[in-house]
Amino acid sequence: MKQPLFRKVLIANRGEIAIRIQRTLRELGIQAVAVYSDADAHASHVTRADEAYLLGPAEAAKSYLNQDRLLEIAAAAGCDAVHPGYGFLSENATFARRCAAAGLTFIGPPPDAIEAMGSKIGARALMQKAGVPVVPGTDGKTQDVGVLAKAAAKMGFPVLVKASAGGGGKGMRVVHEAAEFERAAGLARGEAEKAFGDGTIYLERYLERPRHIEFQVFADAHGNTVHLFERECSIQRRHQKIVEETPSPVVDAALRARMGEAAVAAARAVDYRGAGTVEFMLDAHGAFYFLEMNTRLQVEHPITEMVTGLDLVRMQFEVAAGLPMPAAALHPVQRGHALECRVYAEEPARGFLPAGGRILLIRHPGGPGVRVDGALRDGLDVPIQYDPMLAKVITIGRDRAESTARMRRALAEFVILGVPTNLDYLQAILEVDAFQRGDLTTHFLAEHLADWTPESVPLPDEALAAVALHDAAGPRVGAGATGAQTSDTSVAATPWTALGAWRHANGGGRS
C-alpha cells in the first residue's frame with residue numbers, strides 16, 4: 001500500500017470547508033482531526049472527523065483564532081500537518097511560522113508570501129515591479145489626511161479609500177466629493193484598526209462599474225507556476241461575493257492569456273507555493289488592474305474543480321509534501337461552464353441580517369451536474385458567532401445556459417426549514433435579464449435588485465416543526481405475519497397521529 005502524504009492532519013477551521021478537507025483526506029488515507037468551539041460541539045465537521053478536540057468558548061478569539069490551543073491540540077493528537085481552510089488563520093504568517101517551528105507542515109504558502117501579499121500597499125509595489133498593472137493611487141507613505149485629500153483632488157473624484165490590511169470590504173469607503181473625504185478616511189481608518197489592528201490607509205482611483213475577475217493560481221517547489229483559468233465574481237453585496245462562475249462571460253482567449261500571464265507573474269514575484277487567487281478589476285474597455293492576492297484556498301474553488309476535473313485540496317497536500325503538480329494541472333483544460341451560489345442564514349426582509357437557529361428540516365438538491373458543499377443536517381444548531389454561510393450550490397453544464405438552468409432547479413429543490421435564508425434572493429438574481437445576458441458589474445445588485453423584497457410570508461415555527469415531524473416520522477412500521485417488520489401504509493405517521501410534544505391544535509398544542 002502506498003505511504004500516505006501525511007499521517008494525521010489538524011483542520012484549523014469549521015463547517016463546510018472542514019468537511020470538504022476531510023473528504024479529500026479520507027481519499028488519501030490520512031486521518032482528520034477536527035477542532036470545535038462550545039457553539040459547534042455537535043457540528044457535522046466534528047461528528048465526521050476521526051478525532052475531535054474542544055478549543056474553547058464560542059467567541060472566535062478564544063477558539064478558532066487561539067493559536068496556542070490549536071498547536072497544543074496538534075501536538076497532543078500527534079498531527080504532522082495543519083490545514084487552515086479559509087478565513088480565521090489561513091492568511092496569518094505568524095501562525096504559519098509557528099506551525100513550522102512546532103514541526104508541523106502548514107498546508108498553505110510560505111509565511112513570507114503571506115506577509116508580502118497581506119499588505120495591500122506592499123503588494124501594489126511588488127506588482128508594479130513585476131509588471132502587473134495596478135490601479136493608479138497613493139503609496140501609503142503618508143497618513144496625513146490633509147495630504148491625502150489633496151492627492152484625491154488631484155486624482156479626481158470618485159476615489160476609493162482602502163485599508164492596507166483590509167479584506168472582505170472592511171476599511172473601504174468610496175468618496176464622491178472633497179467635502180466627504182475627511183469623514184470617509186476617518187471611518188475607513190477606524191474600521192481597519194478595529195478589524196485588523198492596523199489603520200494604515202491609501203487611495204485608489206475608483207473604477208466605475210468594473211467587473212471583478214480572479215484567477216486561480218497554483219505553484220509547486222519544482223519551478224511550476226500555472227493558472228487554472230478565471231472566475232467571474234462581480235455579483236457582490238457589501239463587497240462579499242454571492243454568485244460566481246467560470247468561465248467569465250466576457251473573457252475571451254486573448255484576454256485570458258494576458259490576465260493569466262499577469263496572475264502567474266504575481267505569484268512568481270513572491271515565490272509562491274500552493275493554491276492562491278490573484279484578483280483583478282476589469283473595466284468596460286478591457287483594461288485590467290491588480291486588486292489583491294488571496295494567499296489561500298477560496299470559497300469558490302469548487303467551480304474551478306468542476307471545469308478542470310482537478311481536486312485543488314488534494315493538490316494542496318501533494319505540493320505541501322514536496323510533490324510536483326500533476327500533469328493535468330500543468331496543462332489544464334477547461335470543459336463546460338460552472339456556477340456557484342452561496343446560501344446564507346440571513347433575513348432578506350430585514351436588511352439581510354445574519355440569523356441563527358435550529359435546522360428543523362433540510363433536503364439537498366441533486367441530479368446531473370449538481371454539487372452541494374455544506375455542513376447541515378436536521379436538528380443542527382446554526383450559531384450566530386461565525387460567518388452565516390450555510391452551504392454552496394454548484395452546477396455545471398455544457399454551456400452557461402445549461403448551468404444556469406440547473407442552478408435554478410437546484411435552488412428550487414433546496415429545502416431549509418428553521419432558519420431564514422437567501423434562497424429566494426439567489427433565484428431572483430438568476431432571473432434578471434442582465435444576468436442572463438452576462439452583463440455583470442460589481443454594482444449589479446444595487447442596479448437591479450435594490451428594491452427586492454421576499455414574496456413569501458415566513459411560516460410560523462409551529463408549521464415548520466409539523467412539516468419536519470411529518471417528514472422525519474415516515475410511515476408506521478408494524479409486524480407482518482412472519483414477524484418481519486413491514487410498512488403499514490394504511491396508517492401513516494403524521495402530525496395528526498403523532499403523540500409527541502408537537503400535535504395538531506385539537507391535540508393540546510405545545511406541551
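A salt bridge here is a side-chain nitrogen of Lys or Arg within 4 Å of a carboxyl oxygen of Asp or Glu. I am working on a predicted model.

**Entry 1: strands 9 and 10**

I started with Arg-231 and Glu-214. Their side chains meet in a salt bridge, at 2.8 Å from N to O. I then looked up where the two residues sit. Arg-231 is in strand 10 and Glu-214 is in strand 9, so this pair ties together parts 17 residues apart in sequence. Arg-231 has 0% relative accessibility, so I put it down as buried. Glu-214 also comes out at 0%, and therefore counts as buried.

I went on to Glu-232 and Arg-211. These side chains form a salt bridge too, with 2.7 Å from N to O. Glu-232 belongs to strand 10 (residues 225-237) and Arg-211 to strand 9 (residues 211-219), so the pair ties together parts that are 21 residues apart in sequence. I noted both Glu-232 and Arg-211 as buried.

**Entry 2: the wider search**

How many salt bridges does a search of the whole structure find? I get 39. I also looked for linked ones. Glu-214 and Arg-231 turn up again, in a network of salt bridges with Lys-241, Glu-244, Glu-279, Glu-300 and Arg-342.

**Entry 3: inside helix 11**

Next I took Arg-314. It forms a salt bridge with Glu-318, and the closest N and O atoms are 3.1 Å apart. Both residues lie in helix 11 (residues 312-320). They are 4 residues apart, about one turn of the helix. I looked up accessibility for each. Arg-314 is at 34%, so it counts as partly exposed. Glu-318 is at 15%, so it counts as buried.

**Entry 4: helix 1 against helix 11**

I stayed with helix 11 and looked up its packing with helix 1 (residues 15-28). The angle is about 60°, and the axes are 9 Å apart. Roughly perpendicular would need 65 to 115 degrees. Helix 1 is therefore oblique to helix 11. I recorded the crossing as right-handed.

Which residues make the contact? From helix 1 I listed Arg-20, Ile-21, Thr-24, Leu-25 and Leu-28. From helix 11 I listed Leu-312, Val-313, Arg-314 and Phe-317. I sorted the residues of this contact into 6 nonpolar, 1 polar and 2 charged.

Technical notes: Residues are numbered from 1 along each chain as its sequence is written. This is a predicted model: local features need pLDDT of at least 70, side-chain atom pairs count only at pLDDT 80 or more; totals for chains, interfaces and linings use all residues. Side-chain values use heavy atoms; hydrogens and water are left out. Helices (H or I, at least four residues) and strands (E, at least two) are DSSP runs, numbered from the N terminus. Buried means under 20% relative accessible area, exposed over 50%, partly exposed in between (1.4 Å probe, protein chains only). Axes are lines fitted to C-alpha atoms, for helices over the stretch in contact, and angles run from 0 to 180 degrees between N-to-C directions. Angles under 35 degrees count as roughly parallel, over 145 as roughly antiparallel, 65 to 115 as roughly perpendicular and the rest as oblique. A crossing is left-handed if the near helix is turned anticlockwise from the far one by less than a right angle, and right-handed if clockwise. Contact means heavy atoms within 4.5 Å. Ala, Val, Leu, Ile, Met, Phe, Trp, Tyr, Cys and Pro count as nonpolar, Asp, Glu, Lys and Arg as charged, and the others, Gly among them, as polar.
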